[in-house]
Amino acid sequence: MTVRDGAQLRHTEERTGHDALHFEAAEVARCVAAGRVRTPFRPLDDSVITLRAMDDIRRRCGIVLPTESAQPLGTV
């Protein structure tokens with residue numbers, strides 16, 4: 001995909017268990033090339049709702065990420 005001044009975007013990382021992320025990366029590249037800061041396919045509010053649901057599921061399962069404290073802020 002040509003972005004600017006004839007530069008080509010290429011993906012050269014080894015395949016992982018997250019191969020489907022290339023769809024998201026390709027959409028980001030399309031948006032950047034078009035000068036957009038958001039995709040028309042998934043509104044930011046929808047993404048935030050999904051992330052909140054995922055955080056709630058993690059909380060209910062007792063999963064704490066290494067970058068989080070076990071005690072949520074504002075609780076005792």
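This is a predicted model: local features need pLDDT of at least 70, side-chain atom pairs count only at pLDDT 80 or more; totals for chains, interfaces and linings use all residues.

Q: Great. So is Arg42 buried, partly exposed or exposed?
A: Arg42 has a relative accessible area of 39%, so it counts as partly exposed.

Q: And where does Arg42 lie?
A: Arg42 is in the loop between α1 and α2.

Q: Which residues does Arg42 touch, leaving out those up to four places away in sequence?
A: Those are Ser47 and Thr50. With Thr50 there is a side-chain to side-chain polar contact of 2.4 Å. A polar atom of the Arg42 side chain also lies 3.1 Å from the backbone oxygen of Asp46.

Q: Nice. Now the largest pocket: what's its volume?
A: About 310 Å³. The lining has 13 residues, and Glu24, Glu27, Val28, Thr39 and Arg42 lie nearest the centre.

Q: Which helix gives the largest share of that lining?
A: That's α1, with five residues. Both α1 (21-33) and α2 (44-61) supply at least two residues each.

Q: How does the lining split by class?
A: There are six nonpolar, two polar and five charged residues.

Q: Back to Glu27, then: buried or exposed?
A: Glu27, in helix α1, has a relative accessible area of 10%. That is under 20%, so Glu27 is buried.

Q: What joins the side chains of Glu27 and Thr39?
A: A polar contact of 2.6 Å. Not counting residues up to four places away in sequence, Glu27 touches Arg36, Thr39, Pro40 and Phe41.

How values were computed. Residues are numbered from 1 along each chain as its sequence is written. Side-chain values use heavy atoms; hydrogens and water are left out. On a 1 Å grid over the protein atoms alone, a cavity is a set of points where a 1.4 Å probe fits but cannot get out, and a pocket is an open set with protein on both sides within 12 Å along at least five of seven lines; lining residues have an atom within 4 Å of a point. Grid points are joined across faces, edges and corners, and a volume is the space filled by probe spheres set on the points. Helices (H or I, at least four residues) and strands (E, at least two) are DSSP runs, numbered from the N terminus. Ala, Val, Leu, Ile, Met, Phe, Trp, Tyr, Cys and Pro count as nonpolar, Asp, Glu, Lys and Arg as charged, and the others, Gly among them, as polar. Buried means under 20% relative accessible area, exposed over 50%, partly exposed in between (1.4 Å probe, protein chains only). A polar contact is a pair of N or O atoms within 3.5 Å; within protein, one must be able to donate a hydrogen and the other to accept it, and residues adjacent in sequence count only if both atoms are side-chain atoms. Contact means heavy atoms within 4.5 Å.
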